[in-house]
Amino acid sequence: MTVRVPAAKHANSLALVSMAAVLAAVAVACGPSYFEIPIETPIRAKMDVSPFQRVLVAGFVAGGTDDVDTNLETVRLLRSQLRSKSSLRVIDADVMPLVEIAKDQSRPAGEASEGSAAGGPDGGGNAPRASGDATALPTVIREERDLEPYERLFANTAYWKAIGEEFQNPLIVTGTVLFAPKTSNTIVQRDQEVFDSFGRRRTVPQRTFMERKGFRLHPKFVFIDGRTGTTIYSEGYIEEILYPAQQNTPALSSYFELMDRLVPNFLSALSSQKIRGTRVLLN
Amino acid sequence: MALRIAACVAVVVLSAAPASADARTDAKEQVAFGISVAQRGLWREAIYRWERAIEIDPTYAAAFNDLAIGYEHEGQLDKARKAYEKALELEPDNFQIRQNFELFKEINDRQSSGSETRQ
């Protein structure tokens, strides 16, 4: 005995079957096939430092705040990083007061202070001068534009060559560092907890005006060939950090926090590195 | 009538996987093999497989994504960028490809920042 299935019912089951086939095909084609995989990206050094065995972190034209001796701290930090993370031998020398040196160089030759400690790294005062550019240098460095006139110090090849000769032709690291306070007033949205008359809890977004304080770090690293006094490479970075206004964070710890972000970039200029990360492979 | 429509749907769907489906299936096999060897650290073999996959099916975004990761791991950053860009061109809304590319750019920007004043 055969039972006749009504045509409409038969069509429905066929439609269901074909839908299932479509879904299966889609599931096979677009299955959740992804795999997290750790990778190590090799980053080549940005500069060829093979001609150098030694590195002199000379000093920086620094400013922005009086709370931190930015020149001294930057030299100390970079020297310690280079000692542990590069193959170059780090020269221990007095930190050069580059602001004073630049000012000394910008004075006409006759006005040079005799026996000025600003002449060279050892306070010799007999280093070559910049060629007759007497543009006044700002006495206090508070912002980027105050640093600009100091840039010509790095173009004084005769001066850097003399420094190079004194330290047996190392790679010289110098530059400018601005570490300045920063404030920011912004509207911040926060969820506020409220209870209604039945004691039920809910959160309501509330916009509040918030004053935040922090610091901005803007270093420019200049790498000079100590054999010729010429700039090989330079790079600049900007980082900032902001805290709630009532939070009292010492300037020095903010400085180190910001430098911590930049040090890998600085090191990658001198030595090859492997950056670890994770990516998603798809199938 | 409904029967005919259902039959048509089935025919269209099943035959909508034309020659390109074969290519995609072959490419998928290459990609899957590439993934399995990459997971064992054999990145060069993986790259070879993924390169084969994009030859077989040049519209396969996942293969370009994986190839980009392989190039990245080998430090071939220019090739990696091109492969990521192609993957995103094929699937602009793929979140995972986009995320991989963003992470790549973070490293690549670090590599290319600064200004070399002497060659």
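**A hairpin in chain A**

I start with a hairpin: strand 5 and strand 6 of chain A form it, with 5 residues between them, and A:Gly229 in the turn has a positive phi of about 80°. Before going on, this is a predicted model, where local features need pLDDT of at least 70, side-chain atom pairs count only at pLDDT 80 or more, and totals for chains, interfaces and linings use all residues. Residues are numbered from 1 along each chain as its sequence is written, and chains are lettered from A and ligands numbered from 1 in the order in which they are written.

Strand 5 covers residues 201-225, and its pairing with strand 6 of chain A is antiparallel, over 5 bridges. Two strands count as paired if DSSP finds at least two bridges between them. Within the pair, A:Phe221 stands opposite A:Glu235 of strand 6 of chain A. Strand 6, residues 231-236 of chain A, has 5 of its 6 residues buried. Buried means 20 or more other C-beta atoms within 10 Å of the residue's own, exposed means 12 or fewer, and partly exposed is in between, with C-beta atoms placed from the backbone.

**Chain A as a whole**

Chain A has 6 helices and 8 strands. From the N terminus the order is α-β-β-α-β-α-α-α-β-β-β-β-α-β. Of its 283 residues, 31% count as buried.

One residue to look at is A:Gly59, in strand 2 (residues 54-63) of chain A. Is A:Gly59 buried or exposed? A:Gly59 counts as buried because it has 25 C-beta neighbours inside 10 Å. Leaving aside neighbours within four places in sequence, its contacts include A:Asn71, A:Val95, A:Pro97 and A:Thr174. A contact means C-beta atoms, placed from the backbone, within 7 Å. A:Pro97 is 38 residues from A:Gly59 along the chain, with 6.6 Å between the C-alpha atoms.

**Two helix pairs**

Next, helix packing. In chain A, the axes of helix 2 (residues 70-85) and helix 6 (residues 251-270) come within 11 Å and cross at roughly 45°. Axes are lines fitted to C-alpha atoms over the stretch in contact, and angles run from 0 to 180 degrees between N-to-C directions. Helix 2 of chain A is therefore oblique to helix 6 of chain A; under 35 degrees would be roughly parallel, over 145 roughly antiparallel, 65 to 115 roughly perpendicular, and the rest is oblique.

In chain B, the axes of helix 4 (residues 61-73) and helix 5 (residues 77-90) come within 8 Å and cross at roughly 160°. So helix 4 of chain B is roughly antiparallel to helix 5 of chain B. Among the residues making this contact are B:Phe64 and B:Tyr71 of helix 4 of chain B, and B:Ala80 and B:Tyr84 of helix 5 of chain B.

**One residue between chains**

Last, B:Gln39, in the loop between helix 2 (19-38) and helix 3 (43-56) of chain B. B:Gln39 is partly exposed, with 13 other C-beta atoms within 10 Å. Which residues is B:Gln39 in contact with, leaving aside its neighbours within four places in sequence? They are A:Phe35 and A:Ile37. That is where I stop.

How values were computed. Helix = DSSP H or I, 4+ residues; strand = E, 2+ residues; numbered from the N terminus. Contact = placed C-beta atoms within 7 Å.
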